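Please read the numbered points with the sequence and the model in view.

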Amino acid sequence: MSSYRLGVALPGKRTSAAILAPDGHVVATAELESDTPGDVIDAALEAAAPHGVTASVIDHVMFAVTDLRALNGLSTETGYWRGWPGRLAKVAAVRLGAATTSVPPLTMWPKELCERVVVASTCLSGGAMLDGSDYEPLDFEGLLAFARKISGIVGAVAITGVFSSVTPRHELAAAEVLREEMGACGAILLSHEYGGLGLVERENATILQAALTAPVAEEAAKLVAAVSQRGMAHAEVFLARSDGTIATLDNAVTHPLSLLGGTDATSVVGAAVLADEKDALVGMTNVDGTVRAVCALTDGSPRMTMGHTKVAGVPTGLSVPALVPIHASVEEAIDRAKDAPGDLPLLLVGPGARMFVKSLSPRIVGTALAGTVKVESPDNAEAAAAVGAASAPVVGEARRIVPLNSARLEEIRAAVREAARASAMRAGADPAKVALVSVEEKPLAYLSEPTVVMRVRAGGPPRDGGTR
């Protein structure tokens, strides 16, 4: 039976939706001045009806969301998440590595945010060495005592171990101890699942994720309700992530910071799909026809920052789409968005895409601005973020720090590849179609022995979520 995808982009007051056929072509789009998901879904279904497409044949619904109303005044230095009103869960933080207290947990947090989020924190013996051996013995008694102290008063626990990027063994063991003592109350988040190699930035991201998990889940449930109320209760719901991929609702809400910049990322992916370009520059427009930012499209995906993003003043190792805001001129942003010389196509997307193109001199349209080989606004450019969400793949990732002189080097490499495949399947990829996307090994120059950071990505199309 044919399966269609519905993509919905909710960047704020201007929403869009797109319905894609099984072969990937765009059946219908809609774009509205509304911040209500149901309104734009209704408009897309109405536009698709003349093509014989109804809610009953839509088996996947993908949301790209900027505002889930789960953050209360949080913002980043790059301008994302400009204040998501809502509540934050109370968190307990556990660091495994008693010898690391020269920089205690939460040292770099703004005082007010720390007091709002963190109920208790502790630093206990544990963690790993670079070769995978124990940094310190895991303090089981300390974990039990801490679990009894926080049981019933926290909504989530964030566990961070020294060099858990080498082996997460102690994080996993600590989680078992806490779960056995605390039961099913609250989520337990482990830092090795959230990326970032530096201990403090990885720890910060894990604590923030823990604070956001419950409220984001509540808001995501409202999206599911909007889908179910429109005859798509059988469809599986996915959320777009900052790298232009998607993940199932259950997976995404336990990784809420991965949603950072989701609508910008899917705008870039949508531009690639609509213009049939793999490498280009994407200009994101406002309703009035101005360009707000430019992002590079590389091999069909948005170019990402190198991490070190601050969220609410807290340093994290997160990567977000590398947007270049417009200050002096579009041409300047084009130049800054490139990471190599050479001209590229400029694709305009968003609600003001056609207006911007019309404002250009006739001699420029279809040819070039400085630094480009052509300027164009593809069909359905206004709904590019929704198209990108609907067409995005499901991707999982695994990172490990790997000593190259390890006797188990090839075994470790194989394990990381398998971990990436497993991550993709947990995110909702079709198990039968998961394949490796990329394998990178980058040297760590500051260590005495030859060591690399191994990053493996695996992915595929979303699993069959329909139950028709």
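The model is predicted.

1. Helix H1 covers residues 37–48, and its 12 residues should span 16 Å at 1.5 Å a residue. The end C-alpha atoms of H1 are 17 Å apart, which agrees.

2. The buried residues of H1 are Pro37, Gly38, Val40, Ile41, Ala44, Leu45 and Ala48. Seen down the axis of H1, these buried residues fall within an arc of 165 degrees, so they line one face of the helix. An α-helix has 3.6 residues a turn, so residues three or four places apart point the same way.

3. Strand S2 is largely enclosed by the rest of the structure, because six of its seven residues are buried. S2 pairs with S1 in the antiparallel sense over five bridges, and leucine 6 stands opposite isoleucine 19 in S2. The hairpin of S1 and S2 has three residues between the strands, and glycine 12 takes a positive phi near 155 degrees there.

4. S2 also pairs with S3 in the antiparallel sense, over seven bridges. Valine 26 in S3 is the bridge partner of leucine 20. Five residues lie between the strands in the hairpin of S2 and S3, where glycine 24 has a positive phi near 95 degrees.

5. Helix H7 is mostly covered, with 12 of its 14 residues buried. Aspartate 276 follows H7 and has a positive phi near 55 degrees.

Terms used:
Residues are numbered from 1 along each chain as its sequence is written. This is a predicted model: local features need pLDDT of at least 70, side-chain atom pairs count only at pLDDT 80 or more; totals for chains, interfaces and linings use all residues. Side-chain values use heavy atoms; hydrogens and water are left out. Helices (H or I, at least four residues) and strands (E, at least two) are DSSP runs, numbered from the N terminus. The expected span of a helix is 1.5 Å times one less than its number of residues. Buried means under 20% relative accessible area, exposed over 50%, partly exposed in between (1.4 Å probe, protein chains only). The arc is that of the directions from the helix axis to the C-beta atoms. Two strands pair if DSSP finds at least two bridges between them.
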